[in-house]
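This report concerns one protein model and the arrangement of its secondary structure. Please keep the sequence and the structure in view while reading.

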Amino acid sequence: MGPGAVARLADEVASGGHKTVFLVTDAGLVKAGIAEKIEALLDGKGCKVVRFDKVEPDPRLETAVAAVKEAKSSQASMIIGLGGGSALDIAKVAAILVTNDGPLDPYFGIGLVPKPGLQTILIPTTAGTGSEVTPIAILSDEKEKLKKGIVSPYLFPSVAICDPELTLGLPPQVTAATGMDALIHSVEAFTSKNATGLTDMFARRAMALVFANLRTAFANGQNLSARTAMMEGSLLAGMAFANAGVTAVHAFAYPIGAEFHIPHGIANSIMLPPVMAFNMLGNLEKFAQMAAIFGQSTQGLTQREAAQKMVAAIRELAGDLQVPATLSQYGVKETHIPALAKGVMKVTRLLANNPRQLTLQDAEAIYRQVL
Ligand SMILES: [Fe+2]
């Protein structure tokens, strides 16, 4: 972790004795010259790189299957993921599918992958999804209009290399959306029913770093110290939620992401304020603590008043970052809400972590607040 860290890539590959690696990335990173830079690092050390650059946003099941096919024929012994959460998730899934035969379907769920995959090195280029340190991969099932998750310890990478210099060129909107996602990972891990003292330690520092630096990274993408803080925040948020889990904000984001193709960070950001206002009663103490972590003055306030300041602070942040705040601009209508709310209730994996119990009626009311 740190500026220039990616220079260590070739040594990491060589230490495993790998002669051919399979690079999973997207066309944007090829265009930006970043994929080539990574390949040059390996070429120089005599390592052959086979590139797969067809990862799209909200990657589909079919993309993972296509990547596996090419990975197998490349004979690579290691997979490198380079990109945002989509490329990293496809790299993780490809790595386990090379060694686990058959279709993808039986692996959706928790702990259903039988064998470890190929070794992986994950290099995030956003800050971010935290996918470089989580045991989770999310794929879109276009037929069922669902986002499906594979959760398995075999999805943890062998190595994560977090180099903030790779994020210097991210446009402000992407910085904002992915940065909000990182903030939400830390907030949700901190308020998850599975939070522990250990995960809180990661989540607290992640929240403080992201809240204090996201505005600067958005406003001045070339500011390396803000980018470094964001990369560290995103990494720590990933470590927090890899262990404590995320909660209802992500459960609300998945149905609208799958059906209306709202980018993950934006879908999360839209859902954050109403879900926080709802969840607050489930853990007033931690919500009050978050207000202080976000630099709000809480002196003389009741816990409830301080908790409300936390919700106000995140609304203000999303406003400053000009992140969209409503669903209607993505084509969501009142008539879609009942089905979307049912979709939320199906994300039982995440709702089980939520600090406040949620009903179907609650889910509909929460969507309506941000229509
Ligand atoms: Fe996320």
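## Basis

This is a predicted model, in which local features need pLDDT of at least 70, side-chain atom pairs count only at pLDDT 80 or more, and totals for chains, interfaces and linings use all residues. Residues are numbered from 1 along each chain as its sequence is written, and side-chain values use heavy atoms, without hydrogens and water.

## The sheet and its helices

Five strands form an open sheet in the order 2-1-3-5-8, with parallel pairing (strands are DSSP runs of E of at least two residues, helices runs of H or I of at least four, numbered from the N terminus; pairing requires at least two DSSP bridges). Strand 5 (residues 119-124) is joined to strand 8 by 2 bridges, and Ile-121 stands opposite Val-159.

Helix 3 (residues 34-43) lies across strand 1 (20-24), strand 2, strand 3 (78-83) and strand 5, at about 160° to strand 2 (angles run from 0 to 180 degrees between N-to-C directions of axes fitted to C-alpha atoms, for helices over the stretch in contact). Helix 4 (residues 61-74) touches strand 1, strand 2 and strand 3 (contact means heavy atoms within 4.5 Å).

## Helix 10

Helix 10 (residues 264-279) bends by about 40° at Leu-272, and Pro-273 follows within four residues (the bend is the angle between axes fitted to the seven residues ending there and the seven starting there). Because 14 of its 16 residues are buried, helix 10 is largely enclosed by the rest of the structure (buried means under 20% relative accessible area, exposed over 50%, partly exposed in between, with a 1.4 Å probe and protein chains only).

## Helices 6 and 9

The axes of helix 6 (residues 172-191) and helix 9 (residues 248-260) come within 9 Å and cross at roughly 135°. Asp-181, Ile-184, His-185 and Glu-188 of helix 6 meet Ala-248, Val-249 and His-250 of helix 9.
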